[in-house]
Amino acid sequence: MSDLAAHAAHAVERAVAAGATDAEAYASEAENREVRVHGGEVESLTAATQRGLGLRVWIGGRVGYGFGTDLSPGGLGKIAARAVEAARVADEDEFAGAPGESGERPRVDGITDPSRAEWSPAEIADLALAVERSARADPRVVAVEQAVYFDSGERVAIASSSAPGGEYEATSCYAYLQALAGGEEARETGLGFDLARGPAALDPAAIGREGAGRATEMIGSSKPTSRSCPVVLDPTVAASFVGLLGKAIGADTVQRGRSPLAERLGEEVAGEAFVLRDDGLDPAGFATAPIDAEGTPRRRTALIEGGRLRTFLYDSYTARRGGAASTGSAGRSGYRSPPGVSASNLIVSPGSAGLDELLREAGEGVYINDVAGLHSGVNPVSGDFSTGASGMLITNGTVGSPVRELTIASTLQRMLLDIVEIGGDVDWLPRRAAGVSLVIRDVTMSGA
């Protein structure tokens with residue numbers, strides 16, 4: 001048993017001794033590093049470590065929460081006392097209760113990379129500088145707004161009076177830059193990024209080339225004519241939309257009546273080619289772990305198959321409220337807050353079509369490679385969205401001139417039903433989503 005697991009078990013014991021009917025402790029330790037470079041020099045290099053424990057307790061149908069960073073026996077006793085006192089004064093909730101036994105904890109491999117800890121601050125600074133140099137190698141790139149490297153190593157341990165709990169360790173890192181290309185009158189931006197378990201798996205030259213390529217291909221862009229037309233979403237844009245779906249399929253949102261899919265279970269909600277799952281065990285996913293944030297085993301959950309909505313995502317509370325079983329979908333922002341429903345790795349099953357085939361399918365439309373303000377541009381209740389975008393015109397099934405300052409609008413419901421082709425490319429975002437290129441039959445585009 002690790003030190004974190006021992007602290008979690010001790011906290012549970014102290015809570016029960018203080019009067020809790022049940023208790024659950026979530027202990028975590030995270031080490032993060034970030035490098036920012038600009039103009040060939042390191043602007044900042046920061047490192048931070050966070051360690052603490054959150055304790056959720058139940059007294060009948062009342063629940064309380066406490067947290068702290070002092071994990072000594074005395075500190076854990078104080079956390080337990082605060083959580084129990086909070087439960088005593090809380091309102092009764094008929095659905096409140098500790099997560100129960102929920103099956104064997106799966107083994108998950110490949111979610112840690114020792115190179116993260118082995119690379120020195122100087123080495124990760126050199127990686128960030130190499131990202132910037134790669135973009136500036138293109139003479140059309142006039143500046144790099146920022147180049148950033150970030151990594152994280154996290155350990156988590158969960159103990160419970162009503163279930164086995166568990167522990168795991170995971171690492172992740174990413175690097176990105178924002179390149180600027182063009183002249184003084186108009187400058188175009190381009191994002192390049194990559195993510196991996198450790199810095200040794202990142203390719204700084206490819207990140208820089210991607211940012212430069214995305215910026216330079218937009219030189220000479222203009223506003224398109226307003227119309228309704230097919231669009232092709234590139235994988236990163238598609239992944240952003242998939243992330244929105246994860247919230248709409250969360251049982252907490254559904255039970256509050258704030259999801260456009262709330263009453264659609266079992267109904268046709270998407271084109272038959274579109275298959276969406278939440279997979280907390282995929283080693284390529286960056287939210288993969290053997291257990292969720294309340295100790296329930298992670299699993300693979302089919303969300304949309306055959307065009308139909310198969311299930312919602314549940315943690316133990318929403319499952320009890322909805323008369324369902326938890327899908328292992330509890331997440332936390334850290335030890336300071338109790339868990340809530342959260343997707344793990346949202347994955348669209350790739351098709352077999354290449355980009356040329358997708359463009360031919362679209363015919364006359366727009367290839368969208370960037371969106372701005374997507375989350376603020378979506379109505380989470382109705383599903384209506386209107387967001388700024390940029391990309392390339394599609395003319396006779398091939399990529400044409402660049403366009404920007406356009407707006408695409410539809411509804412999430414309509415967009416899902418209008419998916420007519422799926423690409424074979426897969427791209428991960430740090431937002432717990434993997435996207436593939438999608439052809440949408442009809443979207444309203446506002447431009448000139």
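Biologist: What makes the side chains of Asp138 and Arg140 a salt bridge?

Modeller: The side chains of Asp138 and Arg140 meet at 3.0 Å, N to O. A salt bridge needs a side-chain nitrogen of Lys or Arg within 4 Å of a carboxyl oxygen of Asp or Glu, so the pair qualifies. Please keep in mind that this is a predicted model, where local features need pLDDT of at least 70, side-chain atom pairs count only at pLDDT 80 or more, and totals for chains, interfaces and linings use all residues. Residues are numbered from 1 along each chain as its sequence is written, and side-chain values use heavy atoms, with hydrogens and water left out.

Biologist: Why is Asp138 called buried?

Modeller: Its relative accessible area is 17%. Buried means under 20%, exposed over 50%, and partly exposed in between (1.4 Å probe, protein chains only), so Asp138 is buried. Arg140, with 45%, is therefore partly exposed.

Biologist: Thanks! What makes Asp279 and Arg300 a pair that links distant parts of the chain?

Modeller: Asp279 forms a salt bridge with Arg300, the closest N and O atoms being 3.0 Å apart. Asp279 sits in strand β8 (residues 276-279) and Arg300 in strand β9 (residues 300-305), 21 residues apart. Helices (H or I, at least four residues) and strands (E, at least two) are DSSP runs, numbered from the N terminus. Asp279 has a relative accessible area of 2%, so Asp279 is buried, whereas Arg300 is exposed at 55%.

Biologist: And how do you know that the span of helix α4 agrees with what it should be?

Modeller: The expected span is 1.5 Å times one less than the number of residues. Helix α4 (residues 121-136) has 16 residues and should therefore span 22 Å; its end C-alpha atoms are 23 Å apart, which agrees. Its buried residues include Ile124, Leu127 and Val131, and what covers the buried residues of α4 includes β1 (22-38) and α5 (204-216).

Biologist: What makes a set of residues a nonpolar core?

Modeller: The members are buried Ala, Val, Leu, Ile, Met, Phe, Trp, Tyr and Cys residues joined through side-chain atoms within 4.5 Å. The largest nonpolar core has 52 residues, of which Leu233, Phe241, Phe274, Leu276 and Ile368 touch the most other members. Helix α6 (residues 235-248) gives the most to this core, with eight residues. Apart from it lies another core, of 23 residues, among them Cys173. Cys173 counts as buried because its relative accessibility is 1%.

Note on methods
Contact = heavy atoms within 4.5 Å.
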